[in-house]
Amino acid sequence: MKADISELPMSTCDKPMPLGHCLAQWARNYGDRIALINETGQCLSYAQLHDRVEHIASGLHAAGLRAGDHAMVHMPNTFGFFYSFFALLRVGVIPVMAMPNQREQDIDALMALAQPTAYFIPDDVGEHDYLTLAQRMQARHESLRLVVMDGDVEHETRNVQILTALKGSACPWPEQDGRDTAVLLLSGGTTGMPKLIPRTHGDYFYNFTASARLCGFDREMVFLAVLPAAHNFTLASPGVLGTFQCGGTVVTSVSASCDEAMPLIEKYKVTHVALVPPLAKLWVEGREWEDSDLSSLKLIQVGGARLEAGLARQLVDVIGCKLQQVFGMAEGLLCYTRLDDPLNTIIQTQGRPLSPKDEVRIVDEDDHDVPEGQAGQLLTRGPYTIRGYFRAPVQNASSFTEDGFYRSGDLVRRDANGNLIVEGRIKEQINRCGEKISTAEIEEAISLLHGVHVAAAVGVPDELLGERICVFIKPEGSQTIDPLHIKTALREGGLSDYKVPDQIETIFEWPLTAAKKVDKRRLVAVALQRASVSPDAKS
Ligand code: OOB
């Protein structure tokens with residue numbers, strides 16, 4: 001099931017190594033240079049980051065964590081995220097990268113799948129009580145022996161350890177092979193079941209080093225991490241790992257809003273930032289009143305969802321630096337527009353594959369290649385693309401072809417220069433602000449609620465979010481559905497906030513396709529029409 005990494009086109013300066021060794025190498029190469037700065041101005045050099053991580057790794061080893069164990073990291077963009085991530089890699093433990101905005105249902109399902117030994121949480125953030133969640137998870141998941149909190153020592157108990165207070169004697173180096181799993185990433189999902197993506201040391205190292213080279217990263221650069229660092233885009237495409245590989249500086253921000261992020265750009269002379277399109281739009285609009293000096297910016301990368309050409313142009317005009325489109329997937333394949341592409345290519349296309357060894361097929365419904373220039377489903381296979389999800393034989397049978405191509409579910413076409421243009425998708429997924437939500441999962445969660453007969457979820461084009469989640473509910477009787485009641489019930493049931501529908505509509509008669517299936521295209525039209533008549537319906 002592992003991708004073939006034997007022939008990765010590495011350059012000699014990027015000699016592949018297990019991820020657990022990278023930080024030590026970076027500390028040797030870049031010692032006193034600044035690796036990390038947070039929004040309050042705290043700085044850590046590479047040497048300091050390495051020291052802290054060694055210390056914590058020893059503590060984790062002393063607490064019983066061993067190479068090959070799994071540990072869930074559920075942290076916002078703080079130093080604690082980096083301490084946890086690198087210390088786990090150092091011990092040889094495989095981090096399971098949860099998103100900070102995931103809530104009980106997601107975390108529970110991921111734990112059932114990954115069976116982690118440890119769970120890394122922040123101190124309470126906002127209204128969410130991570131400690132209570134962790135205790136509930138411990139009661140439910142036998143594998144979970146240790147909770148590590150990035151917070152105050154006063155929270156320490158027998159089962160909860162404090163990240164920076166962990167102690168132990170020197171941690172042994174684990175034996176690792178390039179083909180071993182280094183990290184488990186989250187998949188966007190098209191079913192009600194969560195899926196995890198096993199990325200190996202070899203393929204992930206290639207992911208960020210080759211990306212960093214392609215994107216012109218160097219030791220003078222300053223990367224602002226505003227999107228969650230647990231996501232493949234921010235983590236390794238080329239993201240924070242690409243920045244570290246080159247000896248640059250990462251500025252972390254827990255917030256992505258322009259009034260908090262833009263002053264950081266001015267203050268730390270940020271050169272690179274990665275955004276999703278809805279955020280890019282807010283940043284363009286924000287420039288009407290936010291006047292921080294952004295002249296240090298050299299490159300804005302936009303990916304995760306379709307960037308409209310109009311917004312792409314506005315970004316270039318308003319922010320005034322280079323733009324790069326990134327069409328990627330946690331499963332592997334990364335496409336980038338090149339820095340020296342003509343402006344039209346950068347604005348109109350989603351770029352071309354990172355590796356000359358990436359294979360891309362564009363196929364029709366019968367898996368036959370479509371004529372050049374026509375749209376079809378993107379299938380891909382390559383040196384850093386997975387050949388199967390973690391412990392998911394049934395899903396693997398439908399997500400991969402027999403000869404190992406990943407079925408992306410994206411509808412793309414290729415222009416004469418080999419650049420891909422994402423036209424849409426065939427997978428049952430909603431792309432809300434770059435976050436991927438399975439319609440099946442939302443439908444299942446809602447159909448369990450009292451008074452609901454059947455539910456159908458669709459992604460509806462939305463000015464602010466790119467797509468919003470609209471759910472049509474057929475009630476059990478003739479009463480209409482109370483949207484507020486549904487939202488509260490979903491939240492109370494532990495559904496992650498970003499999955500709670502934005503628009504909820506009652507329906508008594510489904511529009512049907514010729515094949516007598518619910519016609520979701522017509523539902524999208526109905527959702528748009530109802531929202532225009534009663535804009536309060538979406539909130
Ligand atoms: C990134 O990764 P995921 O795993 O969250 O989502 C992958 C899916 C793609 O299959 C596609 O449907 C969509 O997100 N997508 C785009 C896109 N980039 C991703 N759709 C249109 N235009 C784009 N530029 O989203 C991801 C991973 C690494 C780098 C960048 C994005």
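## Overall architecture

The protein chain contains 16 helices and 25 strands. The coordinates come from a predicted model. Computed along no experimental axis but along the principal axes of the C-alpha trace, the chain spans about 65 × 55 × 55 Å.

The radius of gyration of the protein chain is 23 Å, which agrees with the value near 24 Å that a compact globule of 539 residues would have. Among contacts with a separation of 6 or more, 68% join residues 24 or more positions apart.

The ligand is surrounded by 21 residues, and the closest are Phe233, Gly303, Phe327, Gly328 and Ala330. By class, the shell comprises eight nonpolar, nine polar and four charged residues.

Four elements each supply at least two residues of this shell: helix H7 (232–236), strand E14 (322–328), strand E19 (406–414) and strand E20 (420–425). Strand E14 provides the largest share, with four residues.

## Threonine 271

Threonine 271 lies in the loop between helix H9 (258–268) and strand E12 (272–275). Threonine 271 counts as buried because 22 C-beta neighbours lie inside 10 Å, where the cut-off is 20 or more.

Leaving aside residues up to four places away in sequence, threonine 271 touches Met221, Val222, Ser296, Leu297 and Lys298. Threonine 506 is 235 residues from threonine 271 along the chain, and the C-alpha atoms of the two are separated by 48 Å.

How values were computed
Residues are numbered from 1 along each chain as its sequence is written. This is a predicted model: local features need pLDDT of at least 70, side-chain atom pairs count only at pLDDT 80 or more; totals for chains, interfaces and linings use all residues. A residue is near a molecule or strand if its C-beta atom, placed from the backbone, lies within 6 Å of it. Ala, Val, Leu, Ile, Met, Phe, Trp, Tyr, Cys and Pro count as nonpolar, Asp, Glu, Lys and Arg as charged, and the others, Gly among them, as polar. A residue is buried if 20 or more other C-beta atoms lie within 10 Å of its own, exposed if 12 or fewer, and partly exposed in between; C-beta atoms are placed from the backbone. Two residues are in contact if their C-beta atoms, placed from the backbone, lie within 7 Å. The radius of gyration is taken over C-alpha atoms; the globule rule is 2.2 Å times the number of residues to the power 0.38.
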